[in-house]
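Welcome! Please take a look at the sequence and the model below before reading on.

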Amino acid sequence: MAPSSQSSLAAKPLSEFSFPSPEVTASPYPFYEAMRAEAPVYKYPDRNDYLLARREDILFVFQHPEIFSNLTYLADPAQAGRVLASKPPGSVLLTNSVLSQSDPPEHAVKRRALRGLINPRYIHSCEQSLRRIANELIDGFIHRGEVELRSEFADKLAVLTICELAGFPPEDRDIFLSWHRIGTGHGARFLTPEQRALQGKDGPEQQAYIEKTIAARVKEPRDDFITEVIQDQIARDGELNLPYLTGTLRQILTAGNETTSRLLTTVMKLLIEHPDQLAKVVANRDLVPGAIDEALRFEAPTQWTSRLVMADTEIGGVQIPKGAFVFMLYGSANRDETWTDPDRFDIERPAVRELNMAFGGGIHRCLGSPIALAEGRLGLEIMLDRLKNPRFAPGCEDERENIDNFQKRVPKALHILFDAQ
Ligand code: HEM
């Protein structure tokens, strides 16, 4: 293991941080460092929640899915009743819940059903189309010499990539982008009531849209991933399971678009903030994958996810009771003692991909990571090729603050200037 970093972001003790708070949302790293120094397994005051700040403790959770469950809905009796009642008669599925809210053995069945989306040959065969899409997006603003990169490029490339790979109609991209993308099942516990209301607002529309898409494919099958998932499910269970398919396709559509947008926006922000690193990758495109991996480490787009504890246990010498929640702070693990000089952004850092926790780990490791890595690499290559001498637009510092969400890392907006080619 590498020697621990001597850098110290934590200017104050853990007891002086409140969480979540605007200060921690703006930059969680001093809070994480205080936690690692004082209480790496930290009980959230007055709640049955435990925050895990170190890589090794998070690995323990990944290794024990029988203790740390993804059935987080069990903690909410009303929701639990609904989900558990949804076991389709005669199906190998236990419930209709989505992949990320499933445990073994049904998790493996649900995950296998989605493997077509991440077949490396298939992703490779789509690369030409993804390059064309990225170039067309840039064609739309290159003449201006300025762009708001998040909404005009990253959001659109991410959503169009999922359309291309899965078979959602690209002409509906503005519908997908209009849906509020605030939280997730895991993040909901830390949202304000207003954010929670917004998060639920688009649910019925999303549901109706996906149901309509499924009905259309049942009637007229196509050569695409959506059709494949529907046909596999019917072949396996004997009849169409609409709630399961709707949840699954909805998860692919939403999980696949916002996260990669955060990565593309963040990598450009980090490179502009670190001109020496930008100069290196401009001079040598072989460093693009390293820049993507390091951006994922340095500013994990999804800072944490959670598990429900199914049996009394112990982590790092702290007793954790059945019924508690553990929160795996990937953003903290990505800067813990595993790393040399962890608060330095270094696109040539060794072994980043192997140790990085930005995609989680264990059986629930991000299904879409091959897509995210391919899209990140292509997107960055094309940005570097076409947006020469990128720099922050003056007067936009406030917009570069993190969005108002502790779980997600991405600037609210990223206005940049460049020399058009
Ligand atoms: C930079 C981009 C991305 C990041 C940082 C990211 C992050 C994550 C993380 C941390 C998890 C693990 C959750 C947990 O263990 O609790 C996860 C799971 C998942 N991700 Fe991603 N993701 C990204 C892109 C994508 C894409 C493009 C897709 C597209 C299909 C996707 C689909 C999923 C799914 C379906 C799961 C659940 C896997 C399971 O439970 O077995 N993700 N992602």
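This report walks through the ligand site, a sheet and some salt bridges.

## About the model

This is a predicted model, in which local features need pLDDT of at least 70 and side-chain atom pairs count only at pLDDT 80 or more, while totals for chains, interfaces and linings use all residues. Residues are numbered from 1 along each chain as its sequence is written, and side-chain values use heavy atoms, with hydrogens and water left out.

## The iron and its donor

The iron atom of the ligand has C366 as its only protein donor, through SG at 2.3 Å. Donors here are N, O and S atoms within 2.8 Å of the metal (3.2 Å for Na, K and Ca), and sites may look incomplete, as water is not among the atoms. C366 itself sits in the loop between α17 and α18 (369-386). Helices (H or I, at least four residues) and strands (E, at least two) are DSSP runs, numbered from the N terminus.

## The shell around the ligand

There are 26 residues around the ligand, and H107, R111, R307, H364 and C366 come nearest; a residue is counted as near if one of its heavy atoms lies within 4 Å. By class, the shell has 14 nonpolar, 10 polar and 2 charged residues. In this scheme Ala, Val, Leu, Ile, Met, Phe, Trp, Tyr, Cys and Pro are nonpolar, Asp, Glu, Lys and Arg are charged, and the others, Gly among them, are polar.

Some side chains reach oxygen atoms of the ligand. For H107, an N or O atom of the side chain is 2.7 Å from a ligand oxygen. T305 places a polar side-chain atom 2.8 Å from an oxygen atom of the ligand, and a polar side-chain atom of R307 also lies 2.8 Å from a ligand oxygen. The elements giving two or more residues to this shell are α5 (106-112), α13 (242-273) and β5 (304-309). The largest share, 6 residues, comes from α13.

## A sheet that includes β5

β5 is also part of an open sheet of 5 strands, in the order β1-β2-β8-β5-β3 and with mixed pairing. Two strands pair if DSSP finds at least two bridges between them. β1 (41-43) and β3 (68-69) stand at the edges with a single partner strand each, so one side of each has no neighbour in the sheet.

The pairing of β3 with β5 is antiparallel, over 2 bridges. S69 has L308 in β5 as its bridge partner.

## Salt bridges

How many salt bridges does the structure hold? There are 27, where a salt bridge is a side-chain nitrogen of Lys or Arg within 4 Å of a carboxyl oxygen of Asp or Glu. Among them is the pair E23 and K12, with the closest N and O atoms 2.9 Å apart. This pair links distant parts of the chain, 11 residues apart: E23 is in helix α1 (residues 22-26) and K12 in the segment before α1. E23 is partly exposed at 42% relative accessibility, and K12 is partly exposed at 24%.

Another salt bridge joins K280 and E348, at 2.8 Å between the closest N and O atoms. K280 lies in helix α14 (residues 275-283) and E348 in the loop between α16 (330-333) and α17 (352-355), 68 residues apart. R54 and D57 also meet in a salt bridge, at 2.9 Å from N to O, and both are buried. Buried means under 20% relative accessible area, exposed over 50%, and partly exposed in between (1.4 Å probe, protein chains only). Finally, R144, E146 and E152 are linked in a network of salt bridges.

Technical notes: Polar contact = N/O pair within 3.5 Å; in protein donor to acceptor, adjacent residues only side chain to side chain.
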